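Subject: Structure for your files

Hello,

Here is the structure I said I would pass on. My notes on it follow below.

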Amino acid sequence: MSALVQLVDVAKGFAGTTALHPANFSVERGKTTVLIGPSGCGKSTLLRLIIRLIEPDAGTVDFDGAPITPDNIDMLRRRIGYVIQEGGLFPHLTARANVLLMARHLGKAADEMRERLSELCELTRFSENLLARYPVELSGGQRQRVSLMRSLMLSPELLLLDEPLGALDPLVRASLQKDLKEIFSRLQQTALLVTHDLAEAAYLGDKIVLMNEGRIVQQGSIVDLREKPADAFVSEFLNAQRSLAIL
Amino acid sequence: MRRIRKAGKQEGNIPFRRWKRRLFFFSCVPAFLIFESSALLADPIIIGSKKFTESYVLGEIARRALNDSGIVAEHRQGMGGTIILWEALRGAQIDAYPEYTGTIAQEILKTDRQLSIQEIRGALARFGIGITEPLGFNNTYAVVMRRDESQRLSLRTISDLQKHPELKIGLTHEFLDRHDGWQPLRERYQLPQQNVIGIDHALGYAALAKGSIDVKDAYSTDAKIGENDLVVLEDDRQFFPRYEAVFLFRLSLPTSTIAVLRKLEGTLDEARMTRLNAEAERTKNYTRAASLYFGSGATSTSAAGESFPHKLARWTLRHLELAGISLLLSVIVGVPLGILASRGGGIGHAILGFASVVQTIPSLALLALLVPVPFFGISARTAIAALFLYGLLPIVRNTASGLQDIAQPIRDSAIALGLEPVARLRKIYLPMASRSILSGIKTSAVINIGTATLAALIGAGGLGEPILSGLNLNDHATILQGAIPAALLALLVQSVFDLLDRALIPKGLRL
């Protein structure tokens with residue numbers, strides 16, 4: 001089975017500095033790929049390039065075998081879910097209206113939407129009673145569940161998650177990690193997750209892509225990274241995180 | 001006798017009058033420009049009047065007479081003094097106005113001689129200006145006394161005073177000092193009275209009523225003469241110059257128009273004019289006073305004498321119309337401009353810069369600038385255009401800043417969902433900026449209600465009408481008739497918008 005997303009020599013610079021050196025990597029169907037690395041390594045930039053929140057300076061991004069262009073991007077975005085760390089919910093809309101926004105915009109049938117909504121509530125373990133609330137009336141964890149529902153509403157082929165659990169306290173975070181893993185496996189969801197937490201990457205990721213200073217340093221399973229580090233930085237990154245875990 | 005036109009108004013307090021004059025100077029700026037453009041419009045006959053009660057009333061009478069003859073006429077009330085009216089008439093910015101023969105001789109033709117109507121007519125013809133025959137009354141200095149006293153002593157003329165040296169005479173200080181005042185009068189008539197005191201004009205009437213004095217100077221059409229039941233002693237030796245009221249008009253007017261003005265000749269004697277002036281000062285309603293000229297008091301009261309609630313309703317509706325239409329235009333234009341401006345860059349800066357510059361133009365100056373523009377002129381359009389421009393900045397700026405304040409993660413989410421740009425604006429950005437946009441609209445609305453009072457300066461009506469005529473009359477009550485409703489209206493608009501906030505700002509943004 002071919003990759004759902006394929007990046008070929010994609011590069012990006014901001015104001016004279018290189019944010020992303022020409023990068024090549026792919027997101028396999030049905031798998032969870034994790035982008036990891038220290039702050040400013042270019043992992044979020046890579047995610048934003050795929051959904052075209054920023055335009056690449058060079059290279060191509062293929063989605064489902066065809067290159068993403070400014071012309072087809074709005075259509076493709078409807079096949080991609082996008083969850084960010086926080087603040088992504090529209091404050092003037094209730095949780096329900098946030099989740100249903102695109103479906104309503106595309107004129108989906110009310111029955112179909114209602115059914116899908118309760119499916120999603122069950123999947124993300126979000127109480128239907130809370131759907132009438134506005135984002136400010138929800139906790140951080142509840143808001144991320146709503147964000148997740150909104151991104152899954154149209155059954156996207158690809159789910160992009162940019163540090164979705166970064167702003168949550170450890171207990172909520174642990175519970176959501178577990179739920180995410182379950183959701184991904186139940187839906188056989190193709191997902192690309194950005195995190196700086198190695199434990200989260202190891203727990204959720206089928207494939208880990210380690211980045212540093214705008215370059216992809218190594219790709220593979222957590223075992224590959226641990227056993228066959230590509231360079232000193234890989235060992236250093238893994239050791240730093242492990243020592244934290246031991247403490 | 002040069003300052004004779006101030007009949008009955010000497011008692012105004014000085015600082016206020018000085019300020020009033022300054023204000024009038026400003027109001028003349030747009031007024032002059034108005035006249036320029038009125039020639040372009042060329043539709044109605046424009047009657048001017050000077051800034052005192054009698055002139056207002058005569059102007060109204062002329063307007064009404066023309067209207068009754070099926071001629072469209074407008075009355076520009078209280079435009080200023082002799083020179084302004086004369087220049088406006090010569091420049092064809094007005095078509096006719098009421099004037100006095102003595103003033104024409106002294107201030108327009110610059111002569112100290114008494115001129116006959118024929119002489120004046122000949123001199124004015126060179127300027128293309130015509131003059132009617134006298135309307136019938138002579139507004140000049142007069143010598144007055146109590147009616148009962150005059151009957152008791154059988155006094156009818158000033159000469160009759162020779163027979164009663166015991167009479168006490170109270171004169172205004174101005175009349176005592178004038179070279180055409182008391183001294184030459186006493187010489188002409190060889191008056192024997194020794195008991196002569198100087199007394200303020202208004203106090204003199206009170207003194208006369210109480211009997212402290214028996215004779216005083218007055219203006220022949222002073223309303224007080226009728227109110228206090230006084231009689232004017234006949235100037236049987238023609239001492240006082242003639243200040244006979246006439247209409248001056250442009251000779252190029254249609255003959256039918258001139259004919260209507262000439263029909264007013266000889267129809268107003270002193271007693272009648274005095275009554276009309278009294279009515280105007282009592283009611284502050286010139287239309288109603290003028291209507292007394294045309295018919296019985298009863299019919300005129302119902303026809304032209306508009307009741308206060310009715311007038312208030314008319315002013316208020318007009319005011320709301322001016323402010324409302326201009327606000328609507330500001331919103332229709334301002335919100336899209338604000339959306340453009342929110343994107344920043346050269347265009348954004350240009351838009352905000354333009355709106356800011358407009359805001360710094362004083363409102364009177366903006367009106368004055370718009371009046372000469374052909375499409376605008378002296379119409380409500382000009383007022384609405386000016387108010388519209390003033391309303392722009394708060395709306396443009398608040399729309400732009402409301403949109404710019406939307407956080408990047410929200411924008412990213414809206415884009416990443418696959419919403420097209422228009423849908424993003426309509427479903428996400430504008431609702432999120434609604435509080436800011438509405439508060440801009442609210443600011444504009446309140447500013448508009450206040451600024452719309454200036455619309456009266458260019459004849460567009462509204463609550464500025466009583467304010468302006470109150471300022472001209474130095475009459476606080478009339479000013480307040482406009483100022484209080486305008487203030488209440490601003491408060492009302494404010495609360496309506498507070499309610500609107502609840503209806504239009506999404507609940508999620510109000511939690």
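How many helices and strands are there in chain A? Chain A has nine helices and 10 strands. Please keep in mind that this is a predicted model.

Chain A itself

Of the 247 residues in chain A, 52% count as buried. Contacts between residues at least 6 apart in sequence join, in 67% of cases, residues at least 24 apart.

Where chain A meets chain B

On the chain A side, 23 residues are in contact with 22 residues of chain B. The two chains, A and B, bury about 2,000 Å² between them, with 66% of this on carbon and sulfur atoms. Three residues, A:F90, A:H92 and A:H105, supply 27% of the area that chain A buries against chain B, more than any other three residues.

A:R48 forms a salt bridge with B:D412, and their closest N and O atoms are 2.6 Å apart. Seven residue pairs are in polar contact across the interface of chain A and chain B, both residues being at pLDDT 80 or more.

In chain A, α2 (73–77), β6 (80–84) and α3 (95–105) each supply at least two residues of the side that touches chain B. The residues on that side of chain A comprise 12 nonpolar, four polar and seven charged.

Regards

How values were computed. Residues numbered from 1 in each chain as written. Chains lettered and ligands numbered in written order. Predicted model: local features only at pLDDT ≥ 70, side-chain atom pairs only at ≥ 80, totals over all residues. Heavy atoms only, no water. Contact = heavy atoms within 4.5 Å. Buried area = accessible area lost by both parts, 1.4 Å probe. Salt bridge = Lys/Arg side-chain N within 4 Å of Asp/Glu carboxyl O. Polar contact = N/O pair within 3.5 Å; in protein donor to acceptor, adjacent residues only side chain to side chain. Helix = DSSP H or I, 4+ residues; strand = E, 2+ residues; numbered from the N terminus. Nonpolar A, V, L, I, M, F, W, Y, C, P; charged D, E, K, R; others polar. Buried < 20%, exposed > 50% of the residue type's maximum accessible area, 1.4 Å probe, protein only.
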